[in-house]
Amino acid sequence: MSDSKSHIAHALCAQSASLFQRGLTGGSSGNISARLGDGRFLVTPTGMSLGALAPDDLSVLAADGTHIDGPAPTKEWPLHDAFYATRVQTGAVVHLHSTYATALSVLADVDAGNVLTPITPYAIMRLGKVALLPFFLPGDAAMGDAVRALAGKHAAVLLANHGPVVSSPTLAAAVDAMEEFEEAAKLLVLTNGMKRRLLTGAQVVALVARYNVEWDT
Ligand SMILES: [Zn+2]
(Lines give C-alpha, C1' and ligand atoms only; values in the text may rest on other atoms or scores of the structure.)
Protein backbone atom coordinates (compact mmCIF):
# COMPACT_ATOMS: atom_id res chain seq x y z
CA MET A 1 0.00 0.00 0.00
CA SER A 2 2.58 2.51 -1.07
CA ASP A 3 0.08 5.33 -1.36
CA SER A 4 -1.74 4.79 1.95
CA LYS A 5 -2.00 7.78 4.28
CA SER A 6 -0.23 6.08 7.16
CA HIS A 7 2.67 4.89 5.03
CA ILE A 8 3.22 8.30 3.45
CA ALA A 9 2.80 10.10 6.80
CA HIS A 10 5.53 7.99 8.39
CA ALA A 11 7.81 8.46 5.38
CA LEU A 12 7.22 12.22 5.41
CA CYS A 13 8.09 12.46 9.12
CA ALA A 14 11.21 10.32 8.65
CA GLN A 15 12.42 12.38 5.70
CA SER A 16 11.74 15.62 7.60
CA ALA A 17 13.76 14.41 10.59
CA SER A 18 16.61 13.27 8.35
CA LEU A 19 16.80 16.63 6.56
CA PHE A 20 16.72 18.49 9.89
CA GLN A 21 19.32 16.28 11.57
CA ARG A 22 21.72 16.73 8.66
CA GLY A 23 21.46 20.50 8.99
CA LEU A 24 19.63 21.02 5.71
CA THR A 25 17.06 23.27 7.33
CA GLY A 26 17.00 24.75 10.83
CA GLY A 27 14.64 26.29 13.36
CA SER A 28 11.07 25.85 12.19
CA SER A 29 12.03 26.52 8.56
CA GLY A 30 11.35 24.23 5.64
CA ASN A 31 8.16 22.50 4.60
CA ILE A 32 7.22 19.31 2.80
CA SER A 33 4.01 18.05 1.24
CA ALA A 34 2.91 14.82 -0.42
CA ARG A 35 -0.17 13.94 -2.47
CA LEU A 36 -2.07 10.85 -1.37
CA GLY A 37 -3.54 8.31 -3.76
CA ASP A 38 -7.04 9.72 -3.17
CA GLY A 39 -5.96 13.28 -4.06
CA ARG A 40 -5.72 14.65 -0.51
CA PHE A 41 -2.45 16.17 0.72
CA LEU A 42 -0.29 15.69 3.79
CA VAL A 43 1.59 18.90 4.66
CA THR A 44 4.03 19.84 7.40
CA PRO A 45 2.46 22.25 9.90
CA THR A 46 3.23 25.91 10.37
CA GLY A 47 5.64 26.94 13.09
CA MET A 48 7.04 23.50 13.95
CA SER A 49 10.54 22.13 13.50
CA LEU A 50 10.93 19.41 10.87
CA GLY A 51 13.14 17.63 13.40
CA ALA A 52 10.55 15.77 15.48
CA LEU A 53 7.25 15.50 13.63
CA ALA A 54 4.84 12.63 14.28
CA PRO A 55 2.13 11.60 11.80
CA ASP A 56 -0.56 13.35 13.90
CA ASP A 57 1.37 16.62 13.59
CA LEU A 58 0.78 16.72 9.83
CA SER A 59 -1.96 18.82 8.26
CA VAL A 60 -4.43 17.07 6.00
CA LEU A 61 -5.81 19.06 3.08
CA ALA A 62 -8.58 18.09 0.68
CA ALA A 63 -7.77 17.81 -3.01
CA ASP A 64 -8.88 21.44 -3.44
CA GLY A 65 -6.49 22.61 -0.68
CA THR A 66 -9.11 23.01 2.06
CA HIS A 67 -7.71 22.24 5.53
CA ILE A 68 -9.68 19.25 6.85
CA ASP A 69 -7.65 17.73 9.70
CA GLY A 70 -4.62 18.22 11.92
CA PRO A 71 -2.86 21.51 12.72
CA ALA A 72 -2.74 24.48 10.34
CA PRO A 73 -0.48 23.84 7.33
CA THR A 74 2.68 25.74 6.45
CA LYS A 75 1.99 29.29 5.34
CA GLU A 76 3.99 28.43 2.22
CA TRP A 77 1.30 25.99 1.03
CA PRO A 78 0.47 28.23 -1.99
CA LEU A 79 3.96 27.48 -3.26
CA HIS A 80 3.33 23.73 -3.05
CA ASP A 81 -0.19 24.00 -4.44
CA ALA A 82 1.12 25.73 -7.56
CA PHE A 83 3.39 22.78 -8.39
CA TYR A 84 0.55 20.25 -7.97
CA ALA A 85 -1.70 22.43 -10.12
CA THR A 86 0.73 22.98 -12.98
CA ARG A 87 2.64 19.67 -13.03
CA VAL A 88 0.25 16.72 -12.89
CA GLN A 89 3.09 14.31 -12.25
CA THR A 90 3.89 15.97 -8.92
CA GLY A 91 3.60 13.66 -5.90
CA ALA A 92 5.66 15.65 -3.41
CA VAL A 93 7.16 19.11 -2.90
CA VAL A 94 10.12 19.98 -0.65
CA HIS A 95 11.12 23.52 0.33
CA LEU A 96 14.11 24.18 2.58
CA HIS A 97 16.34 27.04 3.66
CA SER A 98 19.45 24.92 3.12
CA THR A 99 22.67 26.90 3.44
CA TYR A 100 24.32 26.65 0.04
CA ALA A 101 21.21 26.84 -2.12
CA THR A 102 20.18 29.88 -0.09
CA ALA A 103 23.67 31.35 -0.50
CA LEU A 104 23.27 30.88 -4.25
CA SER A 105 19.91 32.67 -4.04
CA VAL A 106 21.63 35.89 -2.91
CA LEU A 107 24.29 35.99 -5.64
CA ALA A 108 23.54 38.83 -8.04
CA ASP A 109 24.78 37.26 -11.26
CA VAL A 110 22.97 33.91 -11.55
CA ASP A 111 21.19 32.98 -14.79
CA ALA A 112 17.50 33.35 -13.88
CA GLY A 113 16.48 30.70 -16.41
CA ASN A 114 19.07 28.14 -15.28
CA VAL A 115 20.49 29.02 -11.89
CA LEU A 116 22.62 25.89 -11.52
CA THR A 117 25.50 26.68 -13.87
CA PRO A 118 26.38 23.30 -15.44
CA ILE A 119 29.54 22.09 -13.72
CA THR A 120 28.58 18.49 -12.80
CA PRO A 121 25.98 16.13 -14.30
CA TYR A 122 23.82 15.14 -11.36
CA ALA A 123 21.85 18.30 -10.73
CA ILE A 124 20.96 18.44 -14.43
CA MET A 125 19.80 14.82 -14.33
CA ARG A 126 17.68 15.24 -11.18
CA LEU A 127 16.35 18.78 -11.57
CA GLY A 128 16.45 19.91 -15.19
CA LYS A 129 16.65 23.68 -15.50
CA VAL A 130 16.07 25.46 -12.20
CA ALA A 131 14.40 28.89 -12.50
CA LEU A 132 15.07 31.86 -10.23
CA LEU A 133 11.94 33.55 -8.88
CA PRO A 134 11.91 37.04 -7.34
CA PHE A 135 11.91 37.77 -3.63
CA PHE A 136 8.55 37.54 -1.86
CA LEU A 137 7.64 38.06 1.77
CA PRO A 138 7.34 34.66 3.50
CA GLY A 139 3.86 33.28 3.05
CA ASP A 140 2.97 35.70 0.26
CA ALA A 141 0.51 33.89 -2.01
CA ALA A 142 2.20 35.65 -4.94
CA MET A 143 4.93 32.98 -4.66
CA GLY A 144 2.35 30.52 -5.93
CA ASP A 145 1.37 32.87 -8.73
CA ALA A 146 5.02 33.07 -9.81
CA VAL A 147 5.27 29.27 -9.93
CA ARG A 148 2.02 29.08 -11.92
CA ALA A 149 3.42 31.60 -14.39
CA LEU A 150 6.14 29.04 -15.23
CA ALA A 151 3.32 26.87 -16.67
CA GLY A 152 4.77 23.63 -15.35
CA LYS A 153 8.04 23.94 -17.27
CA HIS A 154 10.34 23.75 -14.23
CA ALA A 155 10.37 20.98 -11.61
CA ALA A 156 12.46 23.14 -9.28
CA VAL A 157 12.88 26.83 -8.50
CA LEU A 158 15.10 29.00 -6.36
CA LEU A 159 13.37 31.80 -4.46
CA ALA A 160 15.65 34.86 -4.47
CA ASN A 161 17.08 35.63 -1.03
CA HIS A 162 15.05 32.76 0.44
CA GLY A 163 15.72 29.17 -0.67
CA PRO A 164 15.11 26.19 -2.96
CA VAL A 165 11.87 24.38 -3.87
CA VAL A 166 11.76 20.98 -5.60
CA SER A 167 8.84 18.93 -6.93
CA SER A 168 9.00 15.27 -7.96
CA PRO A 169 6.65 12.36 -8.63
CA THR A 170 7.48 10.76 -5.24
CA LEU A 171 8.60 11.95 -1.82
CA ALA A 172 11.83 9.96 -2.01
CA ALA A 173 12.66 11.45 -5.40
CA ALA A 174 11.90 14.98 -4.17
CA VAL A 175 14.24 14.60 -1.20
CA ASP A 176 16.91 13.07 -3.42
CA ALA A 177 16.59 15.93 -5.90
CA MET A 178 16.75 18.49 -3.08
CA GLU A 179 19.97 16.93 -1.80
CA GLU A 180 21.39 17.15 -5.31
CA PHE A 181 20.29 20.80 -5.50
CA GLU A 182 22.12 21.59 -2.27
CA GLU A 183 25.29 19.76 -3.37
CA ALA A 184 25.33 21.52 -6.74
CA ALA A 185 24.79 24.88 -5.05
CA LYS A 186 27.63 24.08 -2.62
CA LEU A 187 30.03 23.43 -5.48
CA LEU A 188 28.93 26.62 -7.24
CA VAL A 189 29.33 28.74 -4.10
CA LEU A 190 32.71 27.17 -3.25
CA THR A 191 34.01 27.87 -6.75
CA ASN A 192 32.29 31.25 -7.16
CA GLY A 193 34.75 33.80 -8.54
CA MET A 194 37.20 31.09 -9.65
CA LYS A 195 38.00 30.24 -13.25
CA ARG A 196 35.76 27.20 -13.79
CA ARG A 197 35.65 24.54 -16.49
CA LEU A 198 31.93 24.28 -17.30
CA LEU A 199 30.26 21.35 -19.00
CA THR A 200 30.11 22.17 -22.69
CA GLY A 201 26.85 22.69 -24.51
CA ALA A 202 27.38 19.37 -26.29
CA GLN A 203 27.93 17.57 -22.96
CA VAL A 204 24.73 19.03 -21.57
CA VAL A 205 22.80 18.03 -24.71
CA ALA A 206 24.16 14.48 -24.41
CA LEU A 207 23.16 14.27 -20.73
CA VAL A 208 19.69 15.59 -21.41
CA ALA A 209 19.20 13.03 -24.19
CA ARG A 210 20.59 10.04 -22.29
CA TYR A 211 18.65 10.69 -19.09
CA ASN A 212 15.49 12.05 -20.70
CA VAL A 213 15.77 15.35 -18.79
CA GLU A 214 13.11 18.07 -19.09
CA TRP A 215 15.24 20.81 -20.62
CA ASP A 216 13.31 22.76 -23.27
CA THR A 217 11.70 25.65 -21.43
ZN1 LIG B 1 10.75 29.34 3.14
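## Helix 1 and its surroundings

Helix 1 is followed by G23, whose phi is positive, near 75 degrees; helices (H or I, at least four residues) and strands (E, at least two) are DSSP runs, numbered from the N terminus. The model is predicted, so that local features need pLDDT of at least 70 and side-chain atom pairs count only at pLDDT 80 or more, while totals for chains, interfaces and linings use all residues. Residues are numbered from 1 along each chain as its sequence is written, and side-chain values use heavy atoms, with hydrogens and water left out.

Helix 1 (residues 5-21) has 17 residues and reaches 24 Å from its first C-alpha to its last, close to the 24 Å expected at 1.5 Å a residue, the expected span being 1.5 Å times one less than the number of residues. Its buried residues are I8, A9, L12, C13, S16, A17 and L19, where buried means under 20% relative accessible area, exposed over 50%, and partly exposed in between (1.4 Å probe, protein chains only). These buried residues pack against strand 1 (31-35), strand 2 (41-43), strand 5 (92-95) and helix 6 (171-190), with contact meaning heavy atoms within 4.5 Å.

## Zinc site

The protein donors of the zinc ion are E76 (OE), E76 (OE), H95 (NE2), H97 (NE2) and H162 (NE2), lying 2.0 to 2.7 Å from it; donors are N, O and S atoms within 2.8 Å of the metal (3.2 Å for Na, K and Ca), and because water is not among the atoms, sites may look incomplete. Along the chain these donors follow the spacing E-x18-H-x1-H-x64-H. E76, in the loop between strand 4 (67-69) and helix 2 (77-86), and H162, in the loop between strand 7 (156-159) and strand 8 (163-168), are 86 residues apart. E76 is buried, with a relative accessible area of 6%, and H162 also counts as buried, at 10%.

## Salt bridges

The structure holds five salt bridges, each a side-chain nitrogen of Lys or Arg within 4 Å of a carboxyl oxygen of Asp or Glu. In one of them, the side chains of R22 and E179 meet at 2.7 Å, N to O. Because R22 lies in the loop between helix 1 and strand 1 and E179 in helix 6, this pair ties together parts that are 157 residues apart in sequence. R22 is partly exposed at 44% relative accessible area, as is E179 at 26%.

Another salt bridge joins D81 and R148, with the closest N and O atoms 3.0 Å apart; D81 lies in helix 2 and R148 in helix 5 (residues 142-149), so the pair ties together parts that are 67 residues apart in sequence.
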